[in-house]
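Subject: Structure handover and notes

Dear colleague,

Please find below the sequence and structure that I am handing over to you. My notes on what was found follow directly after.

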Amino acid sequence: MRKLIFGMNVTLDGYIAAPGDDLGWSVPSDELFQWWSDRVGATGLALYGRKLWETMSSHWPTADQQPGATPAEIEYARRWRDMPKVVFSSTIDKVDWNTRLVTGDAVAEITRLKAEDGGPMDISGATLAATAMRAGLIDEYVLVTAPALLGGGTPFFTALDSWVNLNLVETRTFPGGVVLTRYETRR
């Protein structure tokens, strides 16, 4: 059975994007960028909602070919292209770069994918992650907390029908006061 992990950069007040989907507050240090790249390299399957898919697929497929691309960006771009991906959307009809599109029931498909053998799955995108969170499908939460307050925007967590108990499994500090915390869901 695969583990489903929801991890993103988040502000201290719990937002993954400022109003207007502004991510300018979340520029990672070289060390943090490498940590995210290593996660992509270890991911068996990445699950994306449409909005984050469009953001990622507009940049990373050719980022390694851009003038001035750093070795870390080149590595990340290659890892991202090679990583198997699933996009959940009812509004787009085509995906590329080792990706397949799911237009049906996200909970049923994620449940099916979790039951398969394989490496861990990362889920990204606030709406898709919220759906999985409410269905109790997320096994691990990774919060990379930046010392910033936005006061509004897209929240990391969604409203739940009941609480979820978690166990802290890792903490780590990155340059700039960024703190990583990993929690496993207690079942």
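In these notes, buried means under 20% relative accessible area, exposed means over 50%, and partly exposed lies in between, with a 1.4 Å probe and protein chains only. Helices (H or I, at least four residues) and strands (E, at least two) are DSSP runs, numbered from the N terminus. This is a predicted model, in which local features need pLDDT of at least 70 and side-chain atom pairs count only at pLDDT 80 or more, while totals for chains, interfaces and linings use all residues. Residues are numbered from 1 along each chain as its sequence is written, and side-chain values use heavy atoms, with hydrogens and water left out.

As for the record, UniProt lists residues 2-180 for "domain: Bacterial bifunctional deaminase-reductase C-terminal" in an unreviewed entry; its positions are given in the numbering used here, feature names are shortened, and annotations may be inferred rather than shown by experiment. Over residues 2-180 the chain is 29% helix and 27% strand, with the end C-alpha atoms 22 Å apart.

Helix H3 (residues 71-82) has 12 residues and reaches 17 Å from its first C-alpha to its last, which is close to the 16 Å expected at 1.5 Å a residue, where the expected span is 1.5 Å times one less than the number of residues. Tyr76, Ala77 and Trp80 are buried in H3. Seen down the axis of H3, the buried residues fall within an arc of 100 degrees, so they line one face of the helix; the arc is that of the directions from the helix axis to the C-beta atoms. On the other side of H3, Pro71 and Asp82 are exposed. The buried residues of H3 are covered by elements that include helix H1 (30-42), strand E3 (45-49), helix H2 (50-57) and strand E4 (85-88), contact here meaning heavy atoms within 4.5 Å.

Turning to the interior, a nonpolar core is a set of buried Ala, Val, Leu, Ile, Met, Phe, Trp, Tyr and Cys residues joined through side-chain atoms within 4.5 Å. The largest such core has 40 residues, and those with the most contacts inside it are Leu4, Phe6, Leu47, Tyr48, Ile110 and Ile123. Apart from this core lies another, of 9 residues, among them Ile5, Leu32, Val142 and Val144. In helix H5 (residues 126-134), Leu128, Ala129, Ala130, Ala132 and Met133 are buried, and just after H5, glycine 136 takes a positive phi of about 75 degrees.

Two threonines deserve a look. Threonine 43, in the loop between H1 and E3, is buried, with a relative accessible area of 9%, and a polar contact of 3.0 Å joins its side chain to that of aspartate 122. A polar contact is a pair of N or O atoms within 3.5 Å; within protein, one must be able to donate a hydrogen and the other to accept it, and residues adjacent in sequence count only if both atoms are side-chain atoms. Threonine 185 is in strand E10 (residues 178-185) and counts as buried at 15% relative accessibility; a polar atom of the threonine 185 side chain lies 2.8 Å from the backbone oxygen of isoleucine 138.

Finally, aspartate 21 has a positive phi of about 60 degrees although it is not a glycine, and aspartate 21 is partly exposed, with a relative accessible area of 41%.

With best regards
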